[in-house]
Amino acid sequence: MTKQAADAARAERILVPVPLGERAYDILIGRHQLCEAAGVIAELAPGARAAIVTDDNLAELHAPALESCLHQAGIATTRLTIRPGEASKSYACFVELCDGLLAAKIERNDLVIALGGGVVGDLSGFAASVLRRGVRFIQIPTSLLAQVDSSVGGKTGINSGHGKNLIGAFHQPALVICDTALLDTLSEREFKAGYAEVVKYGLIDDASFFDWCEANWRRIIAGGPERDHAVATACRAKAAIVVRDEREDGDRALLNLGHTFAHALERLTAYDSKRLVHGEAVAIGLALAFRFSQRLGLCPGQDAGRVAAHLSAVGLPSRLQDVPGGAGSAAEIVEAMTQDKKVKRGALTFILAHGIGKSFIAPGVPADEVRSFIESELAGA
């Protein structure tokens with residue numbers, strides 16, 4: 001990168017703070033931030049070594065540039081790779097990664113850098129949280145979904161046969177670097193899947209952002225200032241909720257809008273990305289959450305219809321029938337939901353809505369009511 005380009009990247013950088021006291025950190029957002037961040041990392045951890053964790057697809061795409069920039073900043077690196085896909089969030093891969101970090105002699109004062117999407121970030125963060133009882137880690141998310149959701153907030157973990165993200169820890173990153181130029185390499189399907197997590201923030205409590213997304217989603221996909229604005233808005237919204245409720249004891253659960261349905265669908269499709277990726281499951285979950293709210297008399301049908309119409313316009317699925325190979329029966333979907341982390345004493349908790357931008361936590365939703373709704377959805381009613 002030329003000095004002129006580097007100066008431009010610094011000038012256009014958006015900084016979103018996450019003020020969590022001793023665990024405070026910054027989110028740096030903008031195009032071409034990858035190499036610029038090397039200097040920030042060197043200041044953050046002078047003399048530290050870094051283990052870069054990435055997946056096989058990204059190992060040659062983005063890792064060499066990051067390594068080169070870190071070496072120029074005086075930071076020695078080791079690269080560890082995992083297989084791409086949700087299947088890597090497993091006990092076996094977790095043990096393999098921890099052993100690899102120990103073999104690389106990563107110490108308490110060193111860094112684990114997660115360079116990848118949500119799978120890399122979740123797995124690396126969990127390994128960092130327990131390695132030598134906790135080492136610092138940095139998130140460099142390379143997918144839209146990870147930039148606006150999983151990289152921020154300190155949730156780390158792996159999956160179990162019983163459900164998604166059931167084993168993990170809260171371990172806040174020391175820094176998050178969202179280089180929006182990295183998203184140029186995503187497939188259309190991956191980018192649109194990540195968009196479901198962007199629009200979610202408008203549906204939770206910011207109707208004006210949902211309006212803006214309806215008008216600008218094509219520009220977000222195309223790149224440029226609209227993409228940076230969308231990522232920054234989502235990160236500010238998540239940071240504000242995390243600061244209020246770091247460990248999900250209260251309204252942080254709002255971030256799970258659509259996810260009770262989504263996680264059940266992912267489990268029933270065996271986390272097979274050929275059939276369904278996380279963002280697509282979330283898109284279906286968002287539409288279902290609003291239609292369920294409508295069925296319960298909580299949400300205007302106009303708003304529920306508007307949500308589904310927008311997701312469809314973007315090219316995202318919005319119905320159970322959109323799951324390739326089928327979503328399973330109503331009984332199977334409800335059973336899959338019972339392992340959701342938000343279940344308390346066996347009662348289902350949903351995030352429902354009084355309208356766009358008016359979501360709320362609804363504990364104790366009767367399973368029979370959920371099953372009846374899903375049966376009507378599967379019947380196409």
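This is a predicted model: local features need pLDDT of at least 70, side-chain atom pairs count only at pLDDT 80 or more; totals for chains, interfaces and linings use all residues.
Visitor: Which helix has the lowest mean pLDDT, and which element the highest?

Guide: Helix H1 (residues 3-12) has the lowest mean, 60, while helix H12 (residues 301-314) has the highest, 98. The protein as a whole averages 93.

Visitor: Where do the side chains of strand S3 point?

Guide: In a regular strand, side chains alternate between the two faces of the sheet. Here Ala50, Ile52 and Thr54 point one way from S3, and Ala51, Val53 and Asp55 the other way. Six of the six residues of S3 are buried, so the strand is largely enclosed by the rest of the structure.

Visitor: Which strands are joined to S3 by bridges?

Guide: Strand S4 (residues 77-82) runs parallel to S3, joined by six bridges, with threonine 54 opposite threonine 81. Strand S5 (residues 111-116) is also parallel to S3, through four bridges, and there alanine 51 faces valine 112. Together, S3, helix H3 (residues 63-72) and S4 make a right-handed β-α-β unit.

Visitor: Which cysteines form a disulfide?

Guide: A disulfide is a covalent bond between the sulfur atoms of two cysteines. In this model, cysteine 35 and cysteine 69 form one, with their sulfur atoms 1.7 Å apart. Cysteine 35 lies in the loop between strand S2 and helix H2, and cysteine 69 in helix H3, so the pair ties together parts 34 residues apart in sequence. Cysteine 35 is partly exposed, whereas cysteine 69 is buried.

How values were computed
Residues are numbered from 1 along each chain as its sequence is written. Side-chain values use heavy atoms; hydrogens and water are left out. pLDDT is the predictor's confidence in each residue, from 0 to 100. Helices (H or I, at least four residues) and strands (E, at least two) are DSSP runs, numbered from the N terminus. Buried means under 20% relative accessible area, exposed over 50%, partly exposed in between (1.4 Å probe, protein chains only). Two strands pair if DSSP finds at least two bridges between them. A crossover is right-handed if, with the strands pointing away from the viewer, the path from the first strand over the helix to the second runs clockwise. A disulfide is a pair of cysteine sulfur atoms within 2.5 Å.
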